[in-house]
Structures are given as structure tokens and as C-alpha cells.
Amino acid sequence: MLPMTVFETPILETPMLEKPILREVRGNHRSTAGVHLVARDYPRGLRLDPHMHREAQLVYAAKGTMQVTTPGGRWLVPPDRAVWVPAGLEHAIDVLADIEMRTLYFDLPWLKREQRSESLAKEFVVRVSPLLHQAILALFDVRNPQERTELLVRLVMLELHEAEDSATFVPLPREPRCRRAAMIVLDDPTGLHDIDTLAREVGTSARTLSRLFSTQTQLSFKSWCQRARIAAAIQRMSMDANVSVKQLATQLGYASVPAFSAAFRQVTGRTPTEFAGKDRS
């Protein structure tokens with residue numbers, strides 16, 4: 001079995017208060033480029049409960065793995081990914097492996113001048129290229145002159161234009177029965193979940209549950225379960241550099257490595273080895 005670390009996030013109708021800043025590992029500062037920079041280290045197992053911010057933010061873990069949950073879904077965020085969170089959006093963060101978090105908070109007046117402001121109104125995950133990685137880290141150099149900081153911020157924004165990636169996203173339904181069914185699957189994404197049995201557990205029919213998954217997540221029940229399994233594989237890959245593709249295929253219940261690789265490619269567009277960026281044969 002390969003359980004996926006999951007945390008139920010309640011659907012709240014009232015806005016959350018802004019989360020206070022926790023332990024800081026470097027001096028925070030606001031640049032003249034409209035960005036507030038915050039660096040923090042968090043240990044595995046820590047949870048930042050549902051909260052929201054007045055600014056938009058780009059959340060990046062230079063090391064470690066985290067899970068970000070919003071009302072619309074859950075993103076697994078290994079070190080080669082970052083999450084864009086719009087201002088005022090409720091979100092929770094669960095630390096799956098010790099992380100070095102580097103967060104960029106964008107002032108809204110500055111952000112509104114961005115040509116891409118409409119596409120930044122929703123949350124999404126970005127694939128962090130080596131260039132984006134270095135640009136983010138360079139912003140935290142307190143010796144930066146204003147001109148260099150402004151150029152680095154512009155570089156980060158340009159990289160966001162090219163880097164959207166939904167491979168690690170698992171949409172979460174809001175309808176109570178469908179959400180309960182989704183959480184059962186996420187508690188054991190490697191299991192063979194029969195929709196008839198699952199429907200009985202949540203008090204509805206298989207036909208209704210199938211319809212709910214389709215309308216609430218834009219995925220069929222089968223496709224949604226496959227995405228949850230692949231997310232579990234990505235989580236394991238990000239936390240265990242030595243795990244092989246064969247081990248992952250076996251632990252996830254696939255009949256063969258080719259079957260697992262085909263499913264992985266269907267979700268992410270790449271094979272497990274290509275996704276990891278190294279040999280995992």
C-alpha cells in the first residue's frame with residue numbers, strides 16, 4: 001500500500017482571518033518592485049490551517065515537499081513546482097517533508113498593472129525551471145539594488161507566462177457526498193475503489209456519484225481515481241530519490257511498468273523517469 005498524506009479541509013462560508021507570520025529564518029523586506037519577500041523553514045508534519053492573504057502570492061519550497069489545498073482542489077508541490085495563490089483565496093498548507101519556503105507576496109496595485117492580471121485571478125501550479133528557481137532565490141539577497149530587484153521580479157512574472165502545469169492537481173468536489181467519496185479514495189489512492197461500493201458508503205447511487213464526479217471535477221470517476229494514484233506516485237518520488245519505477249508500479253497496483261508509465265504519461269504528459277529528471281529504472 002502507498003497511502004497518500006491527506007488532510008480534510010472544511011468548506012467554509014465565512015472568510016478566514018489573515019494568518020499571522022510564523023517563525024522567520026531570514027529578514028523579511030518589501031521591495032520597491034511591489035513584492036514582499038518572506039523566507040521560512042517548516043518541519044515535516046506542520047500544518048498551516050486554512051487562511052488567506054490580502055496580497056497574491058507565489059509559494060515555493062526550494063527544498064522539501066508540501067501540499068496546498070484550496071476549495072477547488074489539492075496540489076502536490078515537490079521542489080520543482082510552485083503555487084500561485086490569488087489574494088483573498090482560502091488555502092491550507094501541509095508540510096510533507098522538511099521545507100525551505102520562499103514566498104513572494106505581490107501588492108495588488110502593482111499586480112493590476114500586469115497584462116496577465118486576469119489569468120492570475122485563479123490558483124495554479126507552475127513548473128519551476130532552473131531560471132525561475134535562480135530568480136526566486138536571487139530576490140532574497142538583501143544586497144540587491146533596486147534595479148536588480150525590479151528586473152528579477154519581471155523575470156519571475158515572465159516565467160509564469162510559460163510555466164503553468166496541472167500535472168500535480170487533484171480537483172476536489174464540493175458536493176458533500178461526492179467530497180466524502182473523494183476523501184475515501186485519497187485516504188487510500190492505491191486501492192481498487194468500486195463506484196457501487198463507494199456510492200453505498202456515502203449514501204447515494206453509483207449513477208448519481210458518477211454524474212457528480214463528472215460535473216464537480218470535470219473528470220470521470222475513473223480518470224479522477226487515476227489522477228489521485230499518480231499524485232501519490234509523485235509524492236513518493238519527491239520524498240524518496242531512490243524509489244524505482246518498478247517499485248512505484250507495484251505499490252500502486254499496476255500490472256506492469258509499461259501500464260504504470262502509460263497512466264503516468266496520460267496525466268502528466270511525461271514518463272515517470274522524464275518527470276523525475278533522472279534515471280529511476
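Begin by selecting helix α4, whose buried residues are Cys178, Arg179, Ala181, Ala182, Met183, Val185 and Leu186; buried means under 20% relative accessible area with a 1.4 Å probe, protein chains only. The model is predicted, with local features requiring pLDDT of at least 70 and side-chain atom pairs pLDDT 80 or more, while totals for chains, interfaces and linings use all residues. Residues are numbered from 1 along each chain as its sequence is written, and side-chain values use heavy atoms, without hydrogens and water.

Helix α4 has twelve residues and reaches 16 Å from its first C-alpha to its last, close to the 16 Å expected, which is 1.5 Å times one less than the number of residues. Helices are DSSP runs of H or I with at least four residues and strands are runs of E with at least two, numbered from the N terminus.

Next, display the surroundings of α4. Its buried residues pack against β5 (73-77), β9 (169-171), α5 (195-202), α6 (206-217) and α7, contact being heavy atoms within 4.5 Å.

Select Ala182, Val185 and Leu186 in α4 together with Trp224, Cys225 and Ala228 in α7, which they meet.

Finally, select two cysteines. Cys178 counts as buried because its relative accessibility is 0%, and Cys225 counts as buried because its value is 11%. The structure holds zero disulfides, that is, pairs of cysteine sulfur atoms within 2.5 Å.

How values were computed. Buried < 20%, exposed > 50% of the residue type's maximum accessible area, 1.4 Å probe, protein only.
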